[in-house]
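Here's a walk through one chain, with an eye on what sits inside and what holds on to what. Have a look at the fold, then read on.

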Amino acid sequence: MNLPNKLTIGRVVAVPFFIAAYMLEYYLVAFIIFIAASFTDMLDGKIARKYNLVTNFGKIMDPLADKVLVYSAFCLMIPQYVPAWMFIIILAREFTVAGMRTVAASEGIVVAAGMSGKIKTVLQMIAVPLLLLVPALPDFAPLYWAAQIFLWASLVMTIYSGVEYVVQNKQVFSMR
């Protein structure tokens, strides 16, 4: 197994530690784990492309690892910081895209993440750490509002990237 794939697996392995830290109210520890795991997302992609280590495993597992990390954080923050309806919209987009990728893969087609989906992920990976700091710094209101701005921006990008993905890959709906 190559280094980028190990980093992807490491991101998934970090999730239970992140959840435990958050649930034990060690918000700064959860913040550090999340930041470190998010850094592996950027790092694995750069290494894979630079050293020609791109694999089908990485193309599929990298975005899944991101989702496990980010959406576990969102789940922990419902309803205090992330409205449940917002999370449902985000999940609906993810299940739609994952379903379409699965159908495409059954036909031997691997559909890589598009730029709008990457921007959505970056916005989410900024929103989550900011949201993690809110309970650690409850008297710092600008932090809460910055977190909410990134959360809402990620929702807008989630909807946009979902629509874009469906439109650009509509042929998946006619695959047998």
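Does Ser38 count as buried or exposed? Ser38 counts as buried, because its relative accessibility is 12% and buried means under 20%. Keep in mind that this is a predicted model. Ser38 has its place in helix 2. Setting aside the neighbours within four places in sequence, Ser38 is in contact with Leu69 and Met125.

**Asp44 and its partners**

Stay in helix 2, which covers residues 27-50, and you'll find Asp44 there too. Asp44 is buried, with a relative accessible area of 3%. Its side chain makes a polar contact of 2.8 Å with the side chain of Thr8. If you leave out neighbours within four places in sequence, the residues in contact with Asp44 are Pro4, Leu7, Thr8, Arg11 and Asp62.

The side chains of Arg11 and Asp44 meet in a salt bridge, at 3.2 Å from N to O. Arg11 lies in helix 1 (residues 3-23) and Asp44 in helix 2, so the pair ties together parts that are 33 residues apart in sequence. Arg11 counts as buried at 0% relative accessibility, and Asp44 counts as buried at 3%.

Side chains of opposite charge can pair when their charged atoms come close. In this model the count comes to 7 salt bridges. Here are three of them, with the N to O distances.

| Salt bridge | Distance (N to O) |
|---|---|
| Arg11 and Asp44 | 3.2 Å |
| Lys67 and Glu94 | 3.2 Å |
| Arg93 and Glu94 | 3.0 Å |

Lys67 is buried, and so is Glu94. Glu94 also meets Arg93 in a salt bridge. Arg93 is buried, as is Glu94. Salt bridges that share partners also join Arg11, Asp41, Asp44, Asp62 and Asp66 into one network.

**Helices 4 and 6**

Helix 4 has 23 residues and reaches 32 Å from its first C-alpha to its last, close to the 33 Å expected at 1.5 Å a residue. Its buried residues include Met86, Phe87, Ile90, Arg93, Glu94 and Val97. The buried residues of helix 4 pack against helix 3, helix 5 and helix 6. Just after helix 4, Gly108 takes a positive phi of about 80 degrees.

Helix 6 (residues 141-168) has 28 residues and spans 40 Å from first C-alpha to last, close to the 40 Å expected at 1.5 Å a residue. Among its buried residues are Leu143, Ala147, Gln148, Leu151, Ser154 and Tyr165. What do the buried residues of helix 6 pack against? They pack against helix 3 (56-76), helix 4 (84-106) and helix 5 (115-136).

**The largest pocket**

Rolling a probe the size of a water molecule over the atoms shows where empty space is left. Here, the largest pocket has a volume of about 920 Å³. It is lined by 41 residues, of which Asp41, Arg49, Asp62, Ala113 and Lys118 lie nearest its centre. The elements that give two or more residues to that lining are helix 1, helix 2, helix 3, helix 4, helix 5 and helix 6. Helix 2 provides the largest share of the lining, 9 residues. Asp41 and Asp62, both named among the residues nearest the pocket centre, also belong to the salt-bridge network with Arg11.

Which residues does a cis peptide bond join? It joins Ile78 and Pro79, with omega at about -5 degrees. Pro79 lies in the loop between helix 3 and helix 4.

Two other loop residues are worth a glance. Glu25 lies in the loop between helix 1 and helix 2, and its phi is near 65 degrees, a positive value in a residue other than glycine. Glu25 is exposed, with a relative accessible area of 55%. Asn52 has its place in the loop between helix 2 and helix 3. Phi of Asn52 is near 50 degrees, again a positive value in a residue other than glycine. Asn52 is exposed, with a relative accessible area of 67%.

Technical notes. Residues numbered from 1 in each chain as written. Predicted model: local features only at pLDDT ≥ 70, side-chain atom pairs only at ≥ 80, totals over all residues. Heavy atoms only, no water. Helix = DSSP H or I, 4+ residues; strand = E, 2+ residues; numbered from the N terminus. Buried < 20%, exposed > 50% of the residue type's maximum accessible area, 1.4 Å probe, protein only. Polar contact = N/O pair within 3.5 Å; in protein donor to acceptor, adjacent residues only side chain to side chain. Contact = heavy atoms within 4.5 Å. Expected span 1.5 Å × (residues − 1). Salt bridge = Lys/Arg side-chain N within 4 Å of Asp/Glu carboxyl O. 1 Å grid on protein atoms, 1.4 Å probe; cavity = no way out; pocket = protein on both sides within 12 Å on 5 of 7 lines; lining within 4 Å. Points joined across faces, edges and corners; volume = space filled by probe spheres on them.
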